[in-house]
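Please read them with the structure open.

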Amino acid sequence: MKKNHTSTAWLTWGIMLVGANLRLPITMIPPLLPTIKQTLGLPASMAGMLTTIPLLMFALASPLIAKMGNRRGNEWSLLVALVILLAGSLLRIIPSLTALIAGTLLIGFGISGGNVLLPAIIKDQFPHSIGAKTSLSTVTMGLIASLGTGLAGLLNQQFNMQITLAAFSLVGVFGLLVWALAFRTLPKKAARQDVQRKNIAVSRSMLAWWIALFFGLQSFLYYSLLTWLPSLWQAAGFSQIAAGNLATIFQLSGMPATLSIPFIAEKRHGLLYSVWSIMLGFVLGALGILIPGANFGLNVVYALLMGVASGAAFAICIVFFQKKTADAYETASLSGFAQSVGYLFAAIGPVLYGFIQTATGSWHLLLWLTVGLTLLMFVAGLIIDANHRIFPSKANR
């Protein structure tokens, strides 16, 4: 399928702006939680649900979105998902607890569309620059998500919660408009053999299950550490501000890895080296924090190690979706399957870590659990690297 320069340009901008919407609606909420509790009467016990709801929606919606993409086209399905995402963002502006929950549900569904379909679209539309376009989407996602966390509280102080939510919803407006323009410039596809390949049962592939396990473990570790590292560092003797700074370093340091991993994966043994680096980053960082003594400089290093490992682990999952499949149909199906299984597992992570800490009173146990899960993820990564594709024989497809 040939694309003109206009179509290529709009698709590139679309990939970037879709990426910008894939974490921002979630990461902007934590700084607003005190205001949400006070303004809308949100019970403290439900505050964490505003993060958990999108994760559960990712798990539930991902296989449905993959099927919709294979039946109606990935680009069209992503357009529908962006409409739903924007509707959810606008719904949250209404000062009502019901509207907030309903909007969060819609946002979870909409983000799932980008999570599942974007890797497949990149593989299909840019087969010769998969690494570059994947890096563009993941780096934009991380950068805008971090800016959202930093700016949400500031905007809320200067104005109010409704204006803050409205301001951030503009990112969704731009994403939808640009993707709609990109969609209009695409040439019509000749859907000959595509009709025969609408349903791809990736669950029959053992490699697909290993990829789902890897995705679930990296998501579990990211959301669990993001939730509990600030409390862990405070318990180790750091001030609230210092612990917050270390957590910010953990979050931001993953961005260089998300940028570089798609390019490294294209090199010979690139996937293998990446899997080893991810394991070493998580293990050395977690073991370092176990060392007694509240040395801020050393903990900056540990936060960097785990942050880089976390960013690399997410990026390599996107690479797995693309490199371990034969075409965009398999990519969308594998992406939907792995994210459905993975996010369902990840949703229990922060709750489980909190339960273990409360039950045992030990932060060290959580770090040892992190090491154990990392080693399991490492084994899964080695197995994935050793296999070529989820369906190695054309007869299986």
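Predicted model: local features only at pLDDT ≥ 70, side-chain atom pairs only at ≥ 80, totals over all residues.

1. Fold content. The chain is built with 16 helices and zero strands. Its radius of gyration is 21 Å, close to the 21 Å from the globule rule for 397 residues, so the chain is as compact as a globular protein of that length. The C-alpha trace spans about 65 × 50 × 35 Å along its principal axes.

2. Burial and surface. Of the 397 residues in the chain, 53% are buried. The chain exposes about 17100 Å². Carbon and sulfur atoms supply 67% of that area.

3. Contacts along the sequence. Take the contacts between residues at least 6 apart in sequence: 84% of them join residues at least 24 apart.

4. The largest pocket. How much space lies in it? The figure is about 1400 Å³. The lining counts 39 residues. Nearest the centre of the pocket lie Pro30, Leu33, Thr51, Leu226 and Thr227.

5. Who builds the lining. Seen by element, helices H2 (24-27), H3 (33-40), H4 (49-72), H7 (130-158), H9 (206-235), H10 (240-252) and H15 (349-360) each give two or more residues to the lining of the largest pocket. H9 provides the largest share, eight residues.

6. How do the lining residues of the largest pocket divide into nonpolar, polar and charged? There are 22 nonpolar residues, 15 polar and two charged.

7. Gly281. This residue sits in helix H12, residues 270-290. Is Gly281 buried or exposed? Its relative accessibility is 7%, and buried means under 20%, so Gly281 counts as buried. Beyond residues up to four places away in sequence, Gly281 touches Leu305, Met306 and Ala309. Gly281 and Ser310 are 29 residues apart in sequence, with 8.3 Å between their C-alpha atoms.

8. Leu259. Helix H11, residues 254-264, holds this residue. Why does Leu259 count as partly exposed? Its relative accessibility is 44%, and the class runs between the 20% and 50% cut-offs, so Leu259 falls within it. Setting aside neighbours within four places in sequence, Leu259 is in contact with Ser135 and Val139. Val116 is 143 residues from Leu259 in sequence, and the two are 19 Å apart in space, C-alpha to C-alpha.

Definitions and conventions: Residues numbered from 1 in each chain as written. Heavy atoms only, no water. Helix = DSSP H or I, 4+ residues; strand = E, 2+ residues; numbered from the N terminus. Buried < 20%, exposed > 50% of the residue type's maximum accessible area, 1.4 Å probe, protein only. Contact = heavy atoms within 4.5 Å. 1 Å grid on protein atoms, 1.4 Å probe; cavity = no way out; pocket = protein on both sides within 12 Å on 5 of 7 lines; lining within 4 Å. Points joined across faces, edges and corners; volume = space filled by probe spheres on them. Nonpolar A, V, L, I, M, F, W, Y, C, P; charged D, E, K, R; others polar. Rg over C-alpha atoms; globule rule 2.2 N^0.38 Å. Areas by Shrake-Rupley, 256 points an atom, 1.4 Å probe, with all protein chains shown as cover.
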